[in-house]
Amino acid sequence: MHAESQETTLSSCSSSSSSSSSPSCSACVVPLAFSPVQGTVTVPFSAGWNRRYRDASGENLITGLEIIPLRFTNLEWTDVEARFDRLAYTKNGTEPVIKWSDFSFCIAMQQTPEFANEILRALRGRSEWKVDITKNELRDYWHRMAGSVDSRIQLFFYMCDRNFDGKIDEIDMKQTILGSASANKLSMTHEEAQEYAASIMEFLDTKKRGYLEPPQLDTLFKVSLPRASYGRSSPTPDDLYHEPMSKNEVRFRSYWRRAWIVLFWLLICAVLFTWKFIQYSHRPAFQVMGYCLSTAKGAAETLKLNMALILLPVSRNTVTWLRKKRWLSSIIPFNDNINFHKLIACGIVVGVILHGGTHLACDFPRISGCDSVLFQQTLASGFGYQQPTYMQILATKEVATGIAMVILMAIAFPLATKWARRQSTLLPRSVRHVAGYNTFWYSHHLFVFVYALLFVHGMFLFLTNNPFEKTPSLYPGKVLSLKMQKPEGFRHPFSLTSGPADDFLSVHIRALGDWTYRLYGIFQEEMLGAAKGFPKVYIDGPYGASSQDYVKYDVVLLIGLGIGATPFISIIRDVANNAQKAEFDQPVIEMHNFLSSVYQEGDGRSAILSVIQALHYARTGIDIISKTPMWTHYSRPDWFNVFSKLARRHPGERIGVFYCGSLLLGKELEGLCTTFSYRTNTRFVFHKEHF
C-alpha cells in the first residue's frame with residue numbers, strides 16, 4: 001500500500017468562537033506552497049473561467065447556477081414582540097417604547113450592533129434615526145426585513161446608499177463591503193475592498209455611468225452566481241445500509257478498545273491492592289493499626305504500579321514504535337495516550353489520599369498511643385525498641401519524604417490542568433498571572449524530585465526489612481540502579497508541516513500561551529528589523545503521531561479545525577509529491593474549506609461577501625477567504641452526508657479518518673466512523689491527533 005495510490009480529502013474548518021480578525025490566515029486554511037499536478041486539487045468550478053462576465057453580445061455568462069438568497073432576520077413577529085416587551089418602558093405617559101440602541105437585540109443581532117444600526121438607519125432614512133422605537137414602528141420594520149425579495153433588496157440598497165441620493169457609487173459599495181467584513185470578523189484591507197467594489201461595479205454598471213440604481217442591484221441578487229456545494233444533504237440509496245444498530249451497540253463498537261484497557265488497568269490495581277491488603281492483615285503490626293494499615297499498604301502497591309506506568313503514555317519514542325504495529329494498534333488505542341496518562345494521574349491522586357491519609361489520620365496516632373506492651377511485641381524492632389510520639393514519626397525519613405512528595409505533586413497536578421495551562425479567565429487574577437504553559441512545563445519537572453524522593457521513601461520503610469519489598473533495585477558491588485525518564489505530559493501547539501520528500505522542515509505555531517507568544521514575538525522583532533538576527537533553533541525528535549498511519553490506507557479523510565489543519569499539510573505535500581512522480585491523470589486530492597465564523601449564506605451580514613466571492617472566483621479562480629483555488633463554504637459540513645458519499649464512492653475499502661480539533665466534534669466523527677463501518681461494507685478507521 002503506497003502513498004502515491006491514495007485519494008485524500010481534507011476538510012479545514014475554522015472555529016466560530018475564534019476571536020481572530022483574520023479567519024483567512026493559515027490557521028484556518030491550508031496554504032499549499034507547492035504546485036501539484038494539474039487537476040490534483042478539485043475546485044467547485046473551473047479556475048479558467050472567462051475573465052469577463054459577458055460575451056461579445058453582452059449576454060450574461062454567469063447563469064444557470066444557484067441564486068444567492070438575502071435575508072435580514074429569521075425571527076417570527078411573536079419573537080420580536082417578546083424581545084420588545086422585555087425592554088419596553090413608558091416615556092412621559094405615552095405608549096411603550098424601546099431605545100434605538102436596543103434594536104439590535106430585538107432582531108437578534110446583538111452580536112453585530114453596528115450592522116443592526118445600519119439597517120435601522122436604512123429603515124428610517126437620514127434624519128432622526130436615533131430616536132425611540134414604538135411597537136408599531138418595529139412591526140413595520142420587521143415586515144420590511146422579512147417581506148418579499150424585492151422589499152429586502154430595496155432595504156439592502158438603502159443600506160448601501162450612504163447619502164440617500166438613490167444611487168450607489170464605488171465608494172458606497174466599498175464601505176458596505178468593509179462593514180460586512182467587520183461584522184463577520186474578517187480582516188480586509190481597503191485595497192481589497194476597493195478591488196471587490198470595482199468588480200461589482202464592472203459586473204452591474206454595463207453602461208459605465210459610475211453608479212448603480214435599484215434595478216441593477218436587484219439583478220445582483222436575482223441572477224444565478226457560481227457557488228460550490230459540498231456536504232449538503234442528498235438522497236441516499238436504500239441498499240447502502242445494513243440493519244440499523246442500537247445506541248448501545250454503536251457505543252460499544254466506538255469505545256470497546258478504551259474500555260478494555262481501562263478495565264484491565266483497574267483489575268490490576270484491584271488485584272495489587274487486595275494482595276497487599278490481605279498480606280498486611282496477617283502481619284503483627286495489624287494488631288496495632290488494624291485495617292488502616294492494610295488499606296495504606298494496598299494503596300501503596302497501586303502507587304508503585306502507577307508511578308511507573310504514568311511515564312509510558314508520554315514516552316514518545318516507545319509510543320511511536322508501538323503504533324507502527326498494526327495488530328497492536330487494532331486493540332490498543334494509542335491515540336488516547338494523553339487521556340490514559342491523565343487517568344493514571346487520577347489513580348495516583350486516589351492512591352496518595354488512601355496511603356498518606358490513612359497513615360497520618362489512623363496508623364501513626366495508633367502507633368504513638370497504643371499499649372506499650374503491645375508495641376514491644378509487635379513494632380518495637382522497627383523503632384529501635386522505643387515507642388515514638390506522633391511528631392517523632394513525622395520526622396522520620398520515610399514520612400518526611402512522603403510528605404515532601406505530596407507537596408510537590410500538589411503543586412504540579414493543578415498546574416497541569418487545561419485551565420492553568422491556557423490561563424483561563426475562570427481562574428482568579430492572582431493565579432492566572434503566574435499560570436501558563438511555561439509554568440506547567442517547569443512545574444512538571446518537579447516529578448524528577450518526586451521520583452528521587454520515592455527512591456528514598458522506599459528504602460526506609462519501617463514496617464518491613466525485606467529488600468524485595470522496597471522500590472529501587474540494589475546490585476552487588478554497592479551499585480544502585482535508578483532509571484528515570486523525563487516526564488512529558490504536555491501537548492505541542494504546533495505540528496510538522498513539511499513533507500518527507502522536502503529538503504526543509506517547516507512548522508506552523510499558533511500563539512496560544514506564554515511560551516508561544518514569546519516565540520512569536522522574537523521572530524516578529526526580527527521581521528520588523530528590531531532584532532539582530534534569528535535565534536538558533538534546536539530540534540527534539542521527530543516523534544510519531546497518529547497521522548503517520550495514513551500510509552496504511554488507500555483513501556484518507558483529513559479533518560482539521562482551525563490550527564488543527566496544520567498536522568495534515570505534510571501529508572498533503574507527500575501525496576502530491578508522490579502523485580507527481582507517478583504521473584497520475586486523475587485527481588488524488590480533494591480539498592474543502594468551511595468557515596463557520598462567517599454568518600450563513602443568505603444572511604444580510606454576509607450576502608455581499610457571497611456575491612464578491614462568486615464574482616472574484618469567476619474572474620480569477622482564487623477564493624477571497626482562503627486566497628487559494630480552494631473554495632470557502634460559509635457553513636458547517638453535513639458530516640453524515642460526507643460519510644455517505646465516501647461510502648458510496650469507495651465500497652469495500654478501508655478509509656482512514658484523521659482528526660485534529662475539539663473533543664466534541666471528535667466524538668461525533670468517531671461515532672459516525674463506527675456507524676458507517678457496520679452499516680455499510682466500507683470500513684472507516686478513526687484516528688485523533690492531539691489539539
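Is F676 buried or exposed? F676 is buried, with a relative accessible area of 1%. This structure is a predicted model.

**Aromatic pairs**

- The structure holds 16 aromatic pairs.
- One of them joins F103 and Y141 in an edge-to-face arrangement. Their centres are 6.4 Å apart, with 85° between the planes.
- This pair links distant parts of the chain. F103 belongs to helix α2 (residues 103-106) and Y141 to helix α4 (residues 135-146), 38 residues apart.
- F103 has a relative accessible area of 0%, so F103 is buried. Y141 is buried too, with a relative accessible area of 7%.
- The rings of F640 and F676 also pair, with centres 5.0 Å apart. Their planes meet at 55°, so this pair is tilted.
- F640 and F676 again link distant parts of the chain. F640 sits in helix α25 (residues 639-649), F676 in helix α26 (residues 663-679), and 36 residues separate them.
- The two rings of this pair have their own accessibility values. F640 is partly exposed, with a relative accessible area of 37%, whereas F676 is buried at 1%.
- Four residues make up one aromatic cluster: F273, F277, F286 and Y291.

**Charges over rings**

- R83 places its charged end over the ring of F105. The distance to the ring centre is 4.7 Å.
- R605 does likewise with Y599. Here the charged end is 3.8 Å from the centre of the ring.

**The disulfide and other cysteines**

- The count of disulfides comes to 1.
- C292 and C362 form this bond, with their sulfur atoms 1.9 Å apart.
- The torsion about the S-S bond is about 80°, so the disulfide is right-handed.
- The bond links distant parts of the chain. C292 lies in helix α11 (residues 291-309) and C362 in helix α14, 70 residues apart.
- Both ends are covered. C292 has 17% relative accessibility and counts as buried. C362 is buried, with a relative accessible area of 13%.
- Buried means under 20% relative accessible area, so the 17% of C292 falls inside the cut-off.
- C346 is partly exposed, with a relative accessible area of 49%. C660 is buried, with a relative accessible area of 3%.

**Helix α17**

- Helix α17 covers residues 397-415 and has 19 residues.
- From its first C-alpha to its last, α17 reaches 28 Å. That is close to the 27 Å expected at 1.5 Å a residue.
- The buried residues of α17 are E398, V399, T401, G402, M405, L408, M409, A412 and L415.
- These buried residues pack against several other helices. The partners are α14 (337-369), α16 (390-394), α18 (418-421), α20 (437-444) and α21 (446-459).

**Helix α7**

- Helix α7 (residues 190-204) has 15 residues.
- At 1.5 Å a residue, α7 should span 21 Å. Its end C-alpha atoms are 21 Å apart, which agrees.
- The buried residues of α7 are A193, Y196, A197, S199, I200, M201, F203 and L204.

**Strand β11**

- Strand β11 (residues 589-595) is mostly covered, with 7 of its 7 residues buried.
- I589, M591, N593 and L595 point one way from β11. E590, H592 and F594 point the other way. Residues on both sides are buried.
- β11 pairs with strand β12 (residues 632-633) in the parallel sense, over 2 bridges.
- Within this pairing, F594 stands opposite H633 in β12.

**Around L155**

- L155 is part of helix α5 (residues 149-160).
- L155 has a relative accessible area of 2%, so L155 is buried.
- L155 and A122 are 33 residues apart along the chain. Their C-alpha atoms are separated by 6.6 Å.
- Leaving aside neighbours within four places in sequence, L155 is in contact with F72, I119, A122, L123 and M145.

Terms used. Residues are numbered from 1 along each chain as its sequence is written. This is a predicted model: local features need pLDDT of at least 70, side-chain atom pairs count only at pLDDT 80 or more; totals for chains, interfaces and linings use all residues. Side-chain values use heavy atoms; hydrogens and water are left out. Buried means under 20% relative accessible area, exposed over 50%, partly exposed in between (1.4 Å probe, protein chains only). Helices (H or I, at least four residues) and strands (E, at least two) are DSSP runs, numbered from the N terminus. Two strands pair if DSSP finds at least two bridges between them. The expected span of a helix is 1.5 Å times one less than its number of residues. Contact means heavy atoms within 4.5 Å. Rings of Phe, Tyr and Trp (its six-membered ring) pair if their centres lie within 6.5 Å; planes under 30 degrees apart count as stacked, over 60 as edge-to-face and the rest as tilted. A charge sits over a ring if NZ of Lys or CZ of Arg is within 6 Å of the ring centre and within 35 degrees of the ring normal. A disulfide is a pair of cysteine sulfur atoms within 2.5 Å.
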